[in-house]
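Let's take a friendly walk through this protein chain. Have the sequence and the 3D view open side by side as you read.

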Amino acid sequence: MLYLDAAATSPVRREALEAMWPYLTGDFGNPSSHHTVGESAARALATARARVADWLGGRPGEVVFTAGGTEANNLAIKGIALGDPRGRHLVTSRIEHEAVLESVDYLVRLHGFEVSYVSLDPAGEVTPAALQAVLRPDTTLVTLAHANNEIGTVQDLAALTAVSAALGIPFHSDAVQTAGWLPTRVHELGVQALSLSGHKVGAPKGIGALFVAGRLPLEPLIHGGGQERGRRSGTENVAGAVALGVAVGLAEASREVRAAAATVARDAFVAEVLRRVPLARLTGAGVGPARGASPVPARSPARLPANASFVFPGTSGEAILLELERRGIVSSSGSACAAGSDEPSHVLTALGYPPDVAQTAVRFTWQADVTAEQLGPVAVALQESVAALGTLREGPSGGA
């Protein structure tokens with residue numbers, strides 16, 4: 001089996017497993033306990049926090065460990081908006097992860113906020129001019145993902161944060177998909193808050209982190225014992241934090257080499273799919289207008305290195321996925337957080353794709369050890385899968 005759904009989750013690195021094991025067994029203390037066992041856990045937690053902070057270019061006190069990317073997004077958006085709001089206005093886009101969109105909707109429904117959705121180009125990119133057009137004197141927060149989890153489009157955060165910084169507006173970004181692939185130094189990106197998820201970089205599920213600038217007021221979501229400097233109460237997941245600290249260090253050490261190789265493999269794969277399957281349309285960075293324009297080769301770094309997403313008008317995305325799995329290839333139709341939904345991708349419909357076309361989406365995302373040579377047969381399998389569906393629709397004789 002070839003696993004091509006790394007944007008949903010990735011396996012735990014062996015080094016991360018080995019690092020966390022002692023804190024699941026003999027060294028099991030509560031880091032808030034004032035005895036030898038607890039102090040050992042506290043030291044491990046502090047080391048993990050320092051490693052994540054060093055990777056991000058921030059201070060240890062600016063790292064809040066969470067249960068994952070969804071909690072980190074919720075804490076950033078709700079926490080900043082309610083911490084010391086300069087107004088009741090939020091800015092985001094319609095292609096954000098559900099954790100962002102639902103957090104914004106919560107603030108609108110229950111706290112009287114207004115929201116402006118920034119305009120997008122056909123590939124899902126936000127320009128500085130588009131962002132400038134929706135900012136107001138009372139804008140409390142801008143929240144835009146570093147890269148979209150379905151179509152792989154990467155935003156130029158440094159250019160966008162320069163616009164918000166000129167007005168003193170905090171900027172949060174969901175970097176769950178870019179961590180380990182693209183630079184995530186917070187001061188270079190210009191963000192005041194950044195969300196991360198452990199299981200996308202080689203740590204286990206159930207651990208994540210939020211960078212939040214030290215002077216930025218943050219209202220906690222979870223109240224209790226005052227852990228995480230009062231920003232996230234509850235006994236910390238020491239083992240998970242240790243694994244995350246190890247995983248991000250390993251990911252960063254080889255990031256540039258891995259990203260370069262994945263980009264070469266991606267471009268070759270996209271070209272081969274478009275050659276073999278004429279009805280395929282690339283979605284995300286590197287495409288023309290959503291309604292029918294011919295796709296062009298994906299650009300870098302405007303697209304994640306290991307992401308290739310397509311629609312196949314006139315077919316069924318779910319049927320293609322089943323045909324691919326029969327051939328030993330596992331991929332997805334989009335966000336794992338929307339699994340089981342019959343609704344078309346909100347990302348694609350926001351970019352102008354008709355609902356029936358959006359429902360034909362197939363996304364291929366892979367780990368760093370997947371090579372261009374392995375992806376070549378995937379294009380062949382995709383061609384066979386689409387052809388098989390055509391045969392099924394037409395019947396054995398070729399009739400309707």
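**Confidence**

Please keep in mind that this is a predicted model. The chain has an average pLDDT of 92, and 92% of the residues score at least 70. Two stretches call for care. Residues 288–301 have a pLDDT below 50, and this stretch has 33 contacts in the model beyond near neighbours in sequence. For residues 394–400 the pLDDT is also below 50, and here the model has four contacts beyond near neighbours in sequence. Where pLDDT is low, the predicted coordinates should not be read in detail.

Is aspartate 5 buried or exposed? Its relative accessible area is 11%, and since the cut-off for buried is under 20%, aspartate 5 counts as buried. Leaving out residues up to four places away in sequence, aspartate 5 touches Val330, Ser331, Ser332, Arg363 and Thr365. With serine 332 there is a polar contact, side chain to side chain, at 3.1 Å. Aspartate 5 also lies 10 Å from alanine 306, C-alpha to C-alpha, although 301 residues separate them in sequence.

Alanine 7 belongs to the loop between strand 1 and helix 1 as well. Its relative accessibility is 7%, so alanine 7 counts as buried. Beyond residues up to four places away in sequence, alanine 7 touches Asn149, Gln177, Lys200, Arg363 and Thr365. From alanine 7 to histidine 199 the C-alpha distance is 9.7 Å, across 192 residues of sequence.

**An aromatic cluster**

How many aromatic pairs does the structure hold? There are five. One of them joins phenylalanine 269 and phenylalanine 364 edge-to-face, with 5.3 Å from centre to centre and 85° between the planes. This pair links distant parts of the chain, 95 residues apart: phenylalanine 269 is in helix 9 (residues 255–276) and phenylalanine 364 is in strand 12 (residues 362–365). Phenylalanine 269 is buried at a relative accessible area of 2%, and phenylalanine 364 is buried at 0%.

Why is the pair of phenylalanine 310 and phenylalanine 312 called tilted? Their ring centres are 6.1 Å apart and their planes meet at 40°, so the pair is tilted. Phenylalanine 310 and phenylalanine 312 are both buried. Ring pairs join Phe269, Phe310, Phe312, Phe364 and Trp366 into a cluster.

**Charges over rings**

| Charged residue | Ring | Distance to ring centre |
|---|---|---|
| Lysine 78 | Tyrosine 106 | 4.5 Å |
| Arginine 258 | Tryptophan 181 | 5.2 Å |

**A buried glutamate**

The last stop is glutamate 228, in the loop between strand 8 (208–212) and helix 8 (238–253). With a relative accessibility of 6%, glutamate 228 counts as buried. Which backbone atom does the side chain of glutamate 228 reach? That side chain comes to 2.8 Å from the backbone nitrogen of phenylalanine 65. Not counting residues up to four places away in sequence, glutamate 228 touches Leu45, Arg49, Val63, Val64, Phe65 and Glu236.

Notes: Residues numbered from 1 in each chain as written. Predicted model: local features only at pLDDT ≥ 70, side-chain atom pairs only at ≥ 80, totals over all residues. Heavy atoms only, no water. Buried < 20%, exposed > 50% of the residue type's maximum accessible area, 1.4 Å probe, protein only. Contact = heavy atoms within 4.5 Å. Polar contact = N/O pair within 3.5 Å; in protein donor to acceptor, adjacent residues only side chain to side chain. Phe/Tyr/Trp six-rings, centres within 6.5 Å; stacked < 30°, edge-to-face > 60°. Helix = DSSP H or I, 4+ residues; strand = E, 2+ residues; numbered from the N terminus. Lys NZ or Arg CZ within 6 Å of the ring centre and 35° of its normal. pLDDT = per-residue confidence, 0-100.
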